[in-house]
Amino acid sequence: MASLRVAPNTISQPLNLRRRFSPSLHGRVQLINGRRAVTACLSVDVEAPDTASKLGLAKSREVIETEAKVVVQTYARTPVVLASGKGCKLYDAEGREYLDLTSGIAVNALGHGDEDWLKAVVEQASTLTHVSNVYYSIPQVELAKRLVASSFADRVFFTNSGTEANEAAIKFARKFQRHTNPDAKEPATSFISFTNSFHGRTMGALALTSKEHYRSPFEPVMPGVTFVEYGNIQATKELIQPGKTAAVFVEPIQGEGGIYSASKEFLQFLRKACDDAGALLVFDEVQCGLGRTGYLWAHEAYGVFPDIMTLAKPLAGGLPIGAALVTERVASAIAFGDHGSTFAGAPLVCSAALAVLNKISNPNFLNSVSKKGLYFKNILKQKLGGNPHVREVRGFGLIIGIELDVSASPLVDACRNSGLLVLTAGKGNVVRLVPPLIITEQELDVAAEILYQALPVLDATNSN
């Protein structure tokens, strides 16, 4: 029997979910995109009028069939058509209710339809949506001011996504090396990244992403990236070299890679090694930043500060935005025309981001995330700890991973069929839990119960 480890870490209001749990678990075979997939569902009653169900089923089928004809097939989508959401709940076209522990991949930090966010978006949309960066706009300057005031940074460069923020960081790092070493025949241009890393899908950020299957179809990608074991100080020490290493990219907590947290010792080492080599230290907080750990910035928990930090996912509460936050030393190397974006930092998304930042940065809000994260890990340990397939429950705040000794996909399918949406991570054997930060303890209880009730599907699938 496998022993469960709960990684050291570092919980809150009532819920009415319209479903009744039954311990019975029924396995079934389902065709998804023409492939045979074993799924399972709990006996759950979900209130939805018959007429809505019939109309929704037809609509869902139509949407799925049309998507297959008109959209480039880069996504192996879950066969659910989501139609609306409120708080931590989502509803499909049939009216079925789901408890959302995905947050649109850690994006919807305030859940769905937050009133203050909605007010900011509607008011700004009716005032001014887009002007480009040819001109100044008030929301962009206000957001930059707030980000600078709440972080290590002196300046902000806005982008449209996390991968674009990392692309900006790549360019800034190389320009910084040229600027600070004007007499060097060949300024430092190489980068260090780590195993299990994920930094995006554009060609530069892709080159920094460790999983080979992301990179191999598009090679050659940007050259000059060396991967080293995440957390391995000795191996990394030998690779960070003066005159060669432009920057080190690291996620303080890896999300896509499997919910792995760096140690304080490791990040402190990286800080000193980069300083000694004249390299920049870049923290990718696209998924782990902005309150998800119970700290506004994940690196605050370690007391180690970067030269550049990249942000995106939750910043505008569901609208596309990214940012590269930099020190004045880095910014001084950047000149007019060195980089740019048509849509980045538009008034609409910046107003939305201000509404999100106003809520998340409140110390009471951050404290509640920490408490709920501890609460959730504890109940997951209690409910799942006896299962032989559960190797470890780990995480920080409300970014939690359940590592299994088998594929997590059957469990994810079973949870979805029971009204709970969760993600995978790592090598497909980690259940990733990144709920909206507003989730309540009672909703977390419901999520833990569904996970517990669905666990037998792992035995059924493993025996097939």
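1. How much space lies in the second largest pocket? The answer is about 1,000 Å³. A pocket here is an open set of points on a 1 Å grid over the protein atoms alone, where a 1.4 Å probe fits, with protein on both sides within 12 Å along at least five of seven lines.

2. The structure is a predicted model, in which local features need pLDDT of at least 70, side-chain atom pairs count only at pLDDT 80 or more, and totals for linings use all residues. Residues are numbered from 1 along each chain, and side-chain values use heavy atoms, without hydrogens and water.

3. The lining of this pocket (residues with an atom within 4 Å of a point) comprises 29 residues, and Asn133, Gln140, Val156, Phe157 and Phe336 lie nearest the centre. By class, 17 are nonpolar, eight polar and four charged. Helix H4 (138–149) and strand S7 (155–159) are among the elements that each supply at least two lining residues. Helices are DSSP runs of H or I with at least four residues, and strands are E runs of at least two.

4. Helix H3 (residues 115–125) packs against helix H11 (residues 347–360) at about 155°, the axes being 9 Å apart. The two are therefore roughly antiparallel (angles over 145 degrees). Their contact (heavy atoms within 4.5 Å) has nine nonpolar, two polar and two charged residues.

5. The axes of helix H13 (residues 409–417) and helix H14 (residues 441–454) come within 9 Å and cross at roughly 125°. That makes H13 oblique to H14. Leu411, Ala414 and Cys415 of H13 meet Ile450, Leu451 and Ala454 of H14; this contact has six nonpolar, no polar and no charged residues.

Methods. Grid points are joined across faces, edges and corners, and a volume is the space filled by probe spheres set on the points. Ala, Val, Leu, Ile, Met, Phe, Trp, Tyr, Cys and Pro count as nonpolar, Asp, Glu, Lys and Arg as charged, and the others, Gly among them, as polar. Axes are lines fitted to C-alpha atoms, for helices over the stretch in contact, and angles run from 0 to 180 degrees between N-to-C directions. Angles under 35 degrees count as roughly parallel, over 145 as roughly antiparallel, 65 to 115 as roughly perpendicular and the rest as oblique.
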